[in-house]
Amino acid sequence: KLFALICPVGPYYKSGFKPVTLKVETEFIRAFHGGAGCYKIGANYAPTIRAGRYAEQEGYSQCMWLTDNKITEVGTMNLFFVVKGE
């Protein structure tokens with residue numbers, strides 16, 4: 001099981017301080033292997049616009065991005081995990 005605790009620090013979304021809903025994005029790719037996804041540059045976020053709009057149309061706040069079934073990023077939020085035994 002995976003439990004994620006995500007805490008916005010301000011009312012950044014239309015829903016205000018209500019819980020944020022995430023769409024697990026597997027169709028679109030935010031960053032590819034060997035690319036510049038590990039750097040904070042504007043070009044990394046352009047591919048997220050279309051997927052983010054689709055997620056919003058489906059009632060989600062943001063996308064949780066997966067690459068090879070591993071979580072790589074969550075929209076505009078920071079994401080932290082505690083892995084048992086590590």
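Select Y54: at 35% relative accessibility, this residue counts as partly exposed. The model on your screen is a predicted one.

Y54 belongs to helix 1, while F28 lies in the loop between strand 1 and helix 1, so the pair ties together parts that are 26 residues apart in sequence.

**The whole chain**

Zoom out and show the chain as a cartoon. How many helices and strands does the protein chain have? There is one helix, and there are three strands. Starting at the N terminus, the order of the elements is β-α-β-β.

Switch to a surface view next. The accessible surface of the protein chain comes to about 7,000 Å², and 57% of that surface belongs to carbon and sulfur atoms. Of the 86 residues in the chain, 22% are buried. If you count contacts in the chain with a separation of 6 or more, 53% of them are between residues 24 or more positions apart.

**The nonpolar core**

Return to F28 and select A51, A55, C63 and W65 along with it. These five residues make up the largest nonpolar core. Which elements each supply at least two residues of this core? They are helix 1 and strand 2.

Stay on A55 for a moment. Leaving aside neighbours within four places in sequence, A55 is in contact with K23, Y60, Q62 and C63.

Select K23, which lies in strand 1. Is K23 buried or exposed? With a relative accessibility of 17%, K23 counts as buried, because buried means under 20% relative accessible area.

Show the residues around K23. Apart from neighbours within four places in sequence, the contacts of K23 are A55, E58, Y60, Q62, C63 and M64.

**The salt bridges**

Side chains of opposite charge can pair when their charged atoms come close. This structure holds two salt bridges.

The side chains of E58 and K23 meet in a salt bridge, at 3.2 Å from N to O. E58 is in the loop between helix 1 (48-57) and strand 2 (62-67), and K23 is in strand 1 (residues 22-25), so the pair ties together parts that are 35 residues apart in sequence. The side chains of K23 and E58 are also joined by a polar contact of 3.2 Å. E58 counts as partly exposed, at 48% relative accessibility.

E25 forms a salt bridge with K23, and the closest N and O atoms are 3.9 Å apart. How buried is E25? The relative accessible area of E25 is 2%, and the residue is buried.

**Last view**

Leave K23, E25 and E58 on screen together. These three residues are linked in a network of salt bridges. K23 takes part in the bridge with E25 and in the bridge with E58. Within this group, E25 is buried, K23 is buried and E58 is partly exposed.

Methods:
Residues numbered from 1 in each chain as written. Predicted model: local features only at pLDDT ≥ 70, side-chain atom pairs only at ≥ 80, totals over all residues. Heavy atoms only, no water. Salt bridge = Lys/Arg side-chain N within 4 Å of Asp/Glu carboxyl O. Buried < 20%, exposed > 50% of the residue type's maximum accessible area, 1.4 Å probe, protein only. Helix = DSSP H or I, 4+ residues; strand = E, 2+ residues; numbered from the N terminus. Contact = heavy atoms within 4.5 Å. Areas by Shrake-Rupley, 256 points an atom, 1.4 Å probe, with all protein chains shown as cover. Polar contact = N/O pair within 3.5 Å; in protein donor to acceptor, adjacent residues only side chain to side chain. Core = buried A, V, L, I, M, F, W, Y, C linked by side-chain atoms within 4.5 Å.
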